[in-house]
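Welcome, and please open the viewer.

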Amino acid sequence: MTTASPPPAVPGISPLPAARVRKRSWSGWLFIGPFMAVFAIVFIAPIAYSIWLSFFRNQLVGGNSFVGLANYAQALQDSQFWSSLFRVTLFLAVQVPVMLLIALLAALALDSGRLYGKSFFRISIFLPYAVPAVVASLMWGFMYGTRFGLVGNINDALGINLPNPLSPDLILASIGNIVTWEFIGYNMLIFYSALSVIPKSIYEAAEIDGASQLRLVTAIKVPAIRGALVVATIFSVIGSFQLFNEPSILQSLAPNSISTYFTPNLYAYSLSFSGQQYNYSATVAIIMGVITMVIAYAVQLRGMRKES
Amino acid sequence: MKNTISLAVLRGSAIALTAALALTACGGGAGDNAGAANEEVSAEDVQAALEEGGDITIWSWEPTLDEVVESFEAEHPNVNVNLVNAGTGNDHYVALQNAVAAGSGVPDVVQLEYFSLPQFALAESVRDLSAYGAGDLQDTYNPGPWNSVQANGGIYGLPMDSGPMALYYNKEIFDKYGVEVPATWDEYVEAARALHEADPSVYIANDTGDAGLATSLIWQAGGQPYKVDGTDVTVNFTDEGSTKFAETWQQLLDEDLLAPITSWGDEWYQGLGNGTIATLATGAWMPATFSSGVAATAGKWRVAPLPQWQEGEPTSAENGGSALSITSASEKGALAYAFLEYANVGDGVQIRVDNGAFPATAATLESEDFLSDEFEYFGGQKANEVFAESAKSVPEGWSYLPFQAYANGIYNDTAGQAYVSDTTLKDGLEGWQEASIKYGSEQGFTVSK
Amino acid sequence: MSVAVDPARSRNQKAKSPNIRMKSTRRGVDNPKRNVLLTILTGVVLLYSLVPLLWLVINSSKTQDDLFSSFGLWFSDEFALFSNIADTLTYDDGIFVRWLLNTVLYVVLGAGGATFLAVLGGYALAKFNFPGKKAVFAVIIGAVAVPGTALAVPTFLMFSEIGLTNTPWAVIIPSLISPFGLYLMWTFATEAIPTELLESARMDGAGEFRTFFRICLPLLGPGIVTVLLFTMVATWNNYFLPLIMLKNPDWYPLTLGLNAWNGQASTAGGEAIFNLVITGSLLTILPLIAAFLLLQRYWQSGLSAGAVKE
């Protein structure tokens, strides 16, 4: 894929260097324009509206009033907000590395070419990605049942007593499991695709030098796919901070384990939809957006710095 | 179109005006009927609206309304009723709040559970039906449901059904272990111990913290944790009734006598079906769910009066039940009211009862047909007798918060912790109280303890 | 990694003459020895991925009663898969089929439109240097970080102002934006379209659109299939947005319908139909799995190209 086709021979004109992009002109907008127009409607406008909302407070009694930054001040002192943020940060710190590591190992195993039935592995591990989060959560919810679910079946069959996956101590891990299950294959494919385009000649050279497979992996393969790793990490960070579907569907099974402020997103949802606090909800969402952006940016910076 | 307007103006009814406007499918008239809701609407106006016909939209998840709508349309060929299930419970309220906030897509008629009615009444999202002469219907209904539609000195809906509580129990399990069906809550705790000891897989009940059940049992115990006077609200879960409930339930929690299964999930249906959940204290609307959801155990379950907090006059409480209300945004108030009358006072009541609903109208509740109905699911028991008796013994003076839907939503954040940690239920209820007070204050209510 | 190295082979290779060495090494890289241990270890990940799906298939074959009373990972005595499928498709006057058609509509218009916009946009980012390019990029990255729920309420209020709620457009219009699709197309177009080709086309005086449709579009094939598949998944799995926007079950997509069926058990008088929820879930994921399997060749090469970009 990296081999650029040779420049077409145009008589009388010397071909331009491949890397050079055209000089600045507005014609790019012909193509990016439609995307940006729709983007403005479904992203920019609601965000602007949210920011506007965050400066007001609408009460059941007393109506709407301008409150300046009071909502932001309230959020900074809101222990429920901070506890939800702490929870997703913990989730991020544990689930994302585990998931990406397993995905990376699986991708390396596929790429090594030493598996029996490689394409079966590749497509099978990827399949859970095609399962909607709603279906995945319903399904795992059924299986998590300690009485009549799969966990209960295992307890009965083996005469053991597995802890309840939906108890407050384990619920975060159980949700992590669902998310990991959904996205291992997806991340694996991203990594595998990146691995598969590393020029074979590099391996050959390394093998000639007698490099071990482990060395091959750490010295050549992983550095070569850093770009894919950074992108996958950023998407996972964003995904973790926006955690919503899985806890919201499991909530009906484990109401005492999953509070209305379990994740920031769930908190924002409860505030606006069950509490009618649209303004405060918008404030929380904006703060979360800013935090997510900062962290995603930091990941990107760090990833790129290593590269140079 | 001009003709229609002048006709309506002549009739002198703002409601009919807006109805006629909408009938001609001209959206221009929307918004200037703000004052309409308070003006008198006579029975003739309602009749006229029926004859003229038109479309109305209803949001409800009540399954028995399907047939009511069919027969209503058959009787009034000009009327087209659009019955929409916009979600159940909270989803439904969210949708309604959103539609009201957006000022478009608001239905004409909505189902409101009694606990959520004050909230929408306060926000003026639904209409005071006094203007339609709903006050005359007082004696048509049992006092419990009738009180439930009163708010701010107005009548904000017509009761559709009611949920006088009873104790459903699995007779087979009680017989098998030779345990008496409890008549008081103390005996209930005893029975819980006996059953669980006889078979550790059997629990007297399931509970993971249910705001509706807790408030109903406190209601039965004579507690009044909520007092509401306009926007002055009191929340206090330390009164005698609340304490009684908390202390009794704490024993069940301490000894792990309640199955940690959340109601309405698949495990719950399994537990009701396989004998691991032996009783269920809930409203009279439950039989329909039993026969469809737990069909396998037909004949094993029975109905008993709710256990008592103290000897003497039997006391009960309401759990669930809902009303139909007319939204303020509706442009077809008269037609909507015609439907309300049909469904909740008129022929619709019997149609719904025939399909398993539990009515709120006194005449139906006292009719011989109704009382003598033998429930096959309950082994031929005349269960309605138990329910009707319960309906008569609901203590008066209970009120819900004008933000009860939200308060119920955070019950598990606070009181629910008693089910999974060392927090006591008493402390949990106080936590709930504080959280409710905080929310109420933020919303501009004057809240005290 | 537990990849075992064969030291003997490496030594041998070194000792041989250059000609033979090259040959054997190529076989070593392209077609290495299969490894049982590695296969088993990766097999653990495979099992983890497949067992829940197996659970879904097995439990789709159970009646509502058996669902509760039989072992979760094996078939019950009564094999009810076909009657479950029939019930799923006919329950409530065949509303499931209606939901399926709705979902297809949302996918065709939503994912199709999203792919179209992403292809155009990605091409612009890859091959043009236009004023505001950096700002475009920053704005998109920033907007993606804002939680979806934050946008839900304002979007709902805006859409109801213009009368779009409770119509298919309320679901389709927001689906038209796929930041990930844009990213993929951007990286893919950068690699797949040689800049010289563009230059020469312009020298020949071809207009921008003509150049794009006649010359570039064919080169973008695998990338387009890839983006289409990922936006399809996103649209097919869309839940939160329709939940807020749609109130009429006639417009529900499958995810919302399944959740409504699941919630039906929690309605007084409602019928518990967990067997249909499970069978419906199976039917919901089958089309996507089929699409991924059938189009494997295309999206894998599309992803590979996208991955090159760092």
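**Stop 1: where chain C meets chain B.** A word before we start: this is a predicted model. Begin by selecting chains B and C together. At their contact, 21 residues of chain C meet 27 residues of chain B. Now highlight α4 (64-69) and α7 (148-161) of chain C, each of which supplies at least two residues of the side of chain C that touches chain B. The most comes from α7(C), with three residues. Colour that side of chain C by residue class and you will find eight nonpolar, 10 polar and three charged residues.

**Stop 2: chain C by itself.** Hide the other chains for a moment. What kinds of secondary structure does chain C have, helices or strands? Chain C has 16 helices and zero strands. Of its 310 residues, 48% count as buried. If you draw the contacts within chain C between residues at least 6 apart in sequence, 74% of them join residues at least 24 apart.

**Stop 3: where chain C meets chain A.** Bring chain A back into view and keep chain C on screen. Here 111 residues from chain A and 96 residues from chain C make up the contact. Which helix of chain A gives the most to this side? Select residues 28-53 of chain A: this is helix α1, which gives 20 residues to the side of chain A that touches chain C. By class, that side of chain A has 76 nonpolar, 25 polar and 10 charged residues.

**Stop 4: the two domains of chain B.** Domain 1 covers 2-162 + 321-359, and domain 2 covers 165-317 + 397-448. Taken over C-alpha atoms, the centres of these two domains of chain B are 33 Å apart. Where they touch, 13 residues of domain 1 are in contact with 14 residues of domain 2. On the domain 1 side, select α5 (90-102) and α6 (117-122) of chain B, which each supply at least two residues. The largest share of that side, three residues, belongs to α6(B). The domain 1 side as a whole has six nonpolar, six polar and one charged residues.

**Stop 5: a sheet in chain B.** Stay with chain B and select the strands in the order β2-β1-β3-β14-β6, an open sheet of five strands with mixed pairing.

Start walking from β2(B). Strand β1 (residues 54-59) of chain B pairs with β2(B) in the parallel sense over six bridges, and D55(B) has N80(B) as its bridge partner in β2(B). Then show helix α14 (residues 333-344) of chain B, which packs on the sheet and touches β1, β2, β3, β6 and β14 of chain B. Its direction makes about 160 degrees with that of β14(B).

**Stop 6: strand β14 of chain B.** Finally, zoom in on residues 322-326 of chain B, where five of the five residues of β14 are buried. Look at both faces: S322(B), L324(B) and I326(B) lie on one side, A323(B) and S325(B) on the other, and all are buried. Strand β3 (residues 109-113) of chain B pairs with β14(B) in the antiparallel sense over five bridges, and L112(B) stands opposite A323(B). Strand β6 (residues 158-159) of chain B also pairs with β14(B) in the antiparallel sense, over two bridges, with L158(B) opposite L324(B).

Technical notes. Residues are numbered from 1 along each chain as its sequence is written. Chains are lettered from A and ligands numbered from 1 in the order in which they are written. This is a predicted model: local features need pLDDT of at least 70, side-chain atom pairs count only at pLDDT 80 or more; totals for chains, interfaces and linings use all residues. Two residues are in contact if their C-beta atoms, placed from the backbone, lie within 7 Å. Helices (H or I, at least four residues) and strands (E, at least two) are DSSP runs, numbered from the N terminus. Ala, Val, Leu, Ile, Met, Phe, Trp, Tyr, Cys and Pro count as nonpolar, Asp, Glu, Lys and Arg as charged, and the others, Gly among them, as polar. A residue is buried if 20 or more other C-beta atoms lie within 10 Å of its own, exposed if 12 or fewer, and partly exposed in between; C-beta atoms are placed from the backbone. Domain bounds come from an automatic or database domain assignment. Two strands pair if DSSP finds at least two bridges between them. Axes are lines fitted to C-alpha atoms, for helices over the stretch in contact, and angles run from 0 to 180 degrees between N-to-C directions.
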